[in-house]
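User: I am new to this structure. Please show me how to read its features, one at a time.

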Amino acid sequence: MKFFGHFDAFVLILSICVVQNKWKIRLQLTKPVTWPPLVWGVVCGAAASGNFQWTIEDVAKSIVCMLMSGPFLTGYTQTINDWYDREIDAINEPYRPIPSGAISENEVITQIWVLLLGGLSLAGLLDVWAGHDFPIVFYLAVGGSLLSYIYSAPPLKLKQNGWIGNFALGASYISLPWWAGQALFGTLTPDIIVLTLLYSIAGLGIAIVNDFKSVEGDRAMGLQSLPVAFGTEAAKWICVGAIDITQLSVAGYLLATGKQYYALALLGLIIPQVVFQFQYFLKDPVKYDVKYQASAQPFLVLGLLVTALATSH
């Protein structure tokens, strides 16, 4: 009897470990490392609205908006992207959860639906909470979810084209969460839409950084990423050009609209990015991609906040 008691305890512990491991795999599919830019986008949108107050209610609204944008809808985006990339990942990164068989197809599909419906539900809740007559946050969430789907799924599969796919990715990470944050606390205006879409060109450049390590698999699957289409040397200059020229254009816009101090602050944040581009990325975009992003991107996201604060005044 004692033997069976020990055996039952062993089975219970083993079952708990299996369940915990499965949740780790589910979390891995959502790529939490990709959530912070979306969370930051909500912060920028709230700041740009000029109406955010440090009250319990406004903080709670912003947290729910961050949960919608990050864990739920970005988690949905990353999971569905891995699902439709399972064949190319079998070439580039066969150890990833789906091609390795660490999670079943039914479990992946269930996760996609749970995250999508959870994100849309939070969007609807935010519209009701904010008292919107028109459910703008919900429609932004629907639009972003549709963009995520056509980015990854055939027949459109926007990511097959380096220009369109990376711009769509940049807009998803910069424009959409900004719009959601601003619409939640204020009014989304045409000039902000144009400005954030311009900033999405910088997002295009950031997205290209991740394409260099996948050249072999992209070429094998017929994906026209920019490093495949133009070669590594040309693509890395397109990448830094998109990032730098966009920010310089935004600084010029701020200067032209009488926001001189904000423009100077943005210029000050561009300089270290250029330094890190020459120090790391332009030397070897594959070897130094992580080091470059860790060094340069904090200055870019601070520039986003500077721009948001400028537009709120």
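User: Which residue forms a salt bridge with Lys236, and how far apart are the closest N and O atoms?

Analyst: First, a caution: this is a predicted model. Now the general idea. Side chains of opposite charge can pair when their charged atoms come close. Here the partner of Lys236 is Glu233, and the closest N and O atoms are 3.2 Å apart. Both residues sit in helix 13, three residues apart, so about one helical turn separates Lys236 from Glu233. Lys236 is buried, because its relative accessible area is 7% and the cut-off for buried is under 20%.

User: How many salt bridges does the count come to?

Analyst: The count comes to six. One of them pairs Lys31 with Asp82, with 2.8 Å between the closest N and O atoms. Next, ask where the partners lie. Lys31 is in the loop between helix 1 (2-30) and helix 2, while Asp82 is in helix 3 (residues 56-84), so this pair ties together parts that are 51 residues apart in sequence.

User: Are Lys31 and Asp82 buried or exposed?

Analyst: Both Lys31 and Asp82 are buried. For Lys31 the relative accessibility is 18%, which is why this residue counts as buried.

User: Which residue meets Lys159 in a salt bridge?

Analyst: The partner is Asp85, at 2.5 Å from N to O. Lys159 lies in the loop between helix 7 (136-152) and helix 8 (162-173), and Asp85 in the loop between helix 3 and helix 4 (86-92), so the pair ties together parts that are 74 residues apart in sequence. Lys159 has 16% relative accessibility and therefore counts as buried. Asp85 is buried as well, because its relative accessible area is 9%.

User: At roughly what angle do the axes of helix 2 and helix 9 cross?

Analyst: Take the distance between the axes, then the angle. The axes of helix 2 (residues 35-49) and helix 9 (residues 175-185) come within 6 Å and cross at roughly 40°. That angle makes helix 2 oblique to helix 9. The crossing is right-handed.

User: How close do the axes of helix 10 and helix 13 come, and at what angle do they cross?

Analyst: The axes of helix 10 (residues 190-209) and helix 13 come within 7 Å, crossing at roughly 155°. Helix 10 and helix 13 are therefore roughly antiparallel to each other. Their crossing is left-handed.

User: Which residues make the nonpolar surface patch?

Analyst: Leu248, Tyr261, Leu264 and Leu267 make a nonpolar patch of about 460 Å². Helix 14 (residues 260-281) gives the largest share, three residues. Leu248 is found in helix 13 (residues 232-256). With 43% relative accessibility, Leu248 counts as partly exposed.

User: How far apart are Val286 and Val209 in sequence and in space?

Analyst: Compare sequence with space. Val286 and Val209 are 77 residues apart in sequence, yet 8.4 Å apart from C-alpha to C-alpha. Val286 lies in the loop between helix 14 and helix 15 (289-312). At 44% relative accessibility, Val286 is partly exposed.

Technical notes. Residues are numbered from 1 along each chain as its sequence is written. This is a predicted model: local features need pLDDT of at least 70, side-chain atom pairs count only at pLDDT 80 or more; totals for chains, interfaces and linings use all residues. Side-chain values use heavy atoms; hydrogens and water are left out. Patches are made of residues with over 30% relative accessible area and no salt bridge: like charges are joined within 9 Å, nonpolar side chains (Val, Leu, Ile, Met, Phe, Trp, Tyr) within 5 Å. Accessible areas come from the Shrake-Rupley method with a 1.4 Å probe; for residues, only the protein chains shown count as cover. A salt bridge is a side-chain nitrogen of Lys or Arg within 4 Å of a carboxyl oxygen of Asp or Glu. Helices (H or I, at least four residues) and strands (E, at least two) are DSSP runs, numbered from the N terminus. Buried means under 20% relative accessible area, exposed over 50%, partly exposed in between (1.4 Å probe, protein chains only). Axes are lines fitted to C-alpha atoms, for helices over the stretch in contact, and angles run from 0 to 180 degrees between N-to-C directions. Angles under 35 degrees count as roughly parallel, over 145 as roughly antiparallel, 65 to 115 as roughly perpendicular and the rest as oblique. A crossing is left-handed if the near helix is turned anticlockwise from the far one by less than a right angle, and right-handed if clockwise.
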